[in-house]
Amino acid sequence: MPRKFIWTWDARPFPFFPDLNSVWADGGNWKTGHWVQGKLGISSLGQIVFNLLKKVGYDSTMVDISRLNDIVSGFIITNRQTVRACLEQLAMAYFFDMVESDGILKFIKRGNASQIDIDFNELALHDDASQTFIAPHPELELPRQVDVIYLSRNAGYKQVQNPH
């Protein structure tokens, strides 16, 4: 490409724009808008998944990535590993499942609307005579602290741990 032209470079500081929607009302439009900053070098989750699968012989007729529309600002493969291992890392970060249906490998986001309704009475044990519910004590099973370690784009992709 002999000449390149940039349509719009916004003066607002990335990533504060578009993340601070309380300051800039148009932050929600950034993902599909004409602003360039913060978009150079990023890719869609679906495209990354498809590129990984293409390396092992899949083509567009064999996969459905249409539901993977997240923006990925970086994905680093740090050592020799299988494509499946790479996909499992992405699935843990972006909450999707891989399923085979009708000979097509489909990628489905988690957290969509429920597919079935479950009656409330089926969620807890109860004594039929008194209709008293016997509920488990999940607070005993909850962790006291959760540490999250991640690569931060704002810190030059260095490893960062959440504050306690």
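User: Which residues lie nearest the centre of the largest pocket, and how many residues line it?

Analyst: In this predicted model, the lining comprises 16 residues, and G74, F75, A93, Y94 and L151 lie nearest the centre of the pocket. The volume of this largest pocket is about 670 Å³.

User: What makes a residue count as part of that lining, and which elements each supply at least two such residues?

Analyst: A lining residue must have an atom within 4 Å of a pocket point. At least two residues of the lining come from each of α3 (83-94) and β8 (149-152). The largest share belongs to α3, with 4 residues.

User: How is the lining divided by class?

Analyst: It has 10 nonpolar residues, 6 polar residues and no charged ones.

User: Why are some residues of the chain called buried, and what percentage do they make up?

Analyst: A residue is called buried because its relative accessible area is under 20%. Such residues make up 20% of the 164 in the chain. The chain exposes about 12900 Å², of which carbon and sulfur atoms supply 56%.

User: How many helices and strands does the chain have, and in what order do they run?

Analyst: There are 3 helices and 9 strands. From the N terminus on, the order is α-β-α-β-β-α-β-β-β-β-β-β.

Notes: Residues are numbered from 1 along each chain as its sequence is written. This is a predicted model: local features need pLDDT of at least 70, side-chain atom pairs count only at pLDDT 80 or more; totals for chains, interfaces and linings use all residues. Side-chain values use heavy atoms; hydrogens and water are left out. Buried means under 20% relative accessible area, exposed over 50%, partly exposed in between (1.4 Å probe, protein chains only). Accessible areas come from the Shrake-Rupley method with a 1.4 Å probe; for residues, only the protein chains shown count as cover. On a 1 Å grid over the protein atoms alone, a cavity is a set of points where a 1.4 Å probe fits but cannot get out, and a pocket is an open set with protein on both sides within 12 Å along at least five of seven lines; lining residues have an atom within 4 Å of a point. Grid points are joined across faces, edges and corners, and a volume is the space filled by probe spheres set on the points. Ala, Val, Leu, Ile, Met, Phe, Trp, Tyr, Cys and Pro count as nonpolar, Asp, Glu, Lys and Arg as charged, and the others, Gly among them, as polar.
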